[in-house]
Amino acid sequence: MHMNSIADNLPVATRLELYPNKEEGMEEEQKKDTQKDIQFEHGYRLGFTENNKFYLHNHLSFILYFHKERVEEDVEHNYRVVRFEVMPKSVKLEGKSPAMQGNVKLK
């Protein structure tokens with residue numbers, strides 16, 4: 001399932017870094033030389049599956065890219081959002097204090 005957000009009338013996108021030439025067992029130095037492709041996906045995924053377990057993204061980091069408009073002197077500048085990215089992640093709360101976990105219970 002994909003989620004959507006909007007900032008300054010611009011939809012959010014998730015940045016994907018793909019390594020088409022990456023091979024299993026490569027050394028770290030070799031990975032640095034591997035070419036990566038950057039793609040963007042509309043919105044962000046609500047979670048993911050790993051080893052037949054479901055995980056929700058419970059933290060989102062937003063990145064806003066903006067341009068400052070050129071105006072004459074003594075005029076207040078306006079800023080325009082030109083790109084809106086999200087980096088979703090799942091943070092394990094096990095072992096945290098009850099105050100940090102909140103009172104969420106799953107049924």
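Biologist: Which residue in β8 does F48 stand opposite?

Modeller: That's Y55. The strands here are β7 (residues 47–50) and β8 (residues 53–56), which run antiparallel to one another. Keep in mind that this is a predicted model: local features need pLDDT of at least 70, side-chain atom pairs count only at pLDDT 80 or more, and totals for chains, interfaces and linings use all residues. Residues are numbered from 1 along each chain as its sequence is written, and side-chain values use heavy atoms, with hydrogens and water left out.

Biologist: Why are β7 and β8 said to pair?

Modeller: Strands pair if DSSP finds at least two bridges between them. β7 and β8 have four bridges, so they pass that test. In their hairpin, two residues lie between the strands, and N51 takes a positive phi near 55°.

Biologist: What makes β5 and β9 edge strands?

Modeller: They belong to an open sheet of four strands in the order β5-β4-β10-β9, with mixed pairing. β5 and β9 (59–68) each have a single partner strand, so one side of each lacks a neighbour in the sheet. On average, neighbouring strands of this sheet are turned by 35° against each other, direction ignored. Such angles use lines fitted to C-alpha atoms (for helices, over the stretch in contact) and run from 0 to 180 degrees between N-to-C directions.

Biologist: How do you know that β4 and β5 pair?

Modeller: There are six bridges between them, in the antiparallel sense. A13 stands opposite H42 in β5.

Biologist: Why is the contact of R15 and E17 called a salt bridge?

Modeller: The rule asks for a side-chain nitrogen of Lys or Arg within 4 Å of a carboxyl oxygen of Asp or Glu. R15 and E17 meet at 3.4 Å, N to O, so the pair qualifies. By this rule the count comes to four salt bridges.

Biologist: Which residue does E17 also bridge to, with the closest N and O atoms 3.5 Å apart?

Modeller: That's K36. This pair links distant parts of the chain, 19 residues apart: E17 is in strand β4 (residues 13–18), and K36 is in the loop between α1 (28–33) and β5 (37–42).

Biologist: What makes E41 buried?

Modeller: Buried means under 20% relative accessible area, exposed over 50%, and partly exposed in between (1.4 Å probe, protein chains only). E41 has 16%, so it is buried. Its salt-bridge partner is R45, at 2.8 Å from N to O. R45, at 44%, counts as partly exposed. A separate network of salt bridges with shared partners joins R15, E17 and K36.

Biologist: Is H57 buried or exposed, and how do you know?

Modeller: H57 has a relative accessible area of 19%, so it counts as buried. H57 sits in the loop between β8 and β9. Its side chain reaches the backbone oxygen of R45 at 2.8 Å. Over the chain of 107 residues, 13% count as buried.

Biologist: Why is M1 called exposed?

Modeller: Its relative accessible area is 74%, so M1 counts as exposed. M1 lies in the segment before β1 (2–3).

Biologist: Which residues form a nonpolar patch on the surface?

Modeller: M1, L46 and L56 do, with about 350 Å² of accessible area together. Patch members need over 30% relative accessible area and no salt bridge; nonpolar side chains (Val, Leu, Ile, Met, Phe, Trp, Tyr) are joined within 5 Å, like charges within 9 Å. Accessible areas come from the Shrake-Rupley method with a 1.4 Å probe, and for residues only the protein chains shown count as cover.

Definitions and conventions
A polar contact is a pair of N or O atoms within 3.5 Å; within protein, one must be able to donate a hydrogen and the other to accept it, and residues adjacent in sequence count only if both atoms are side-chain atoms.
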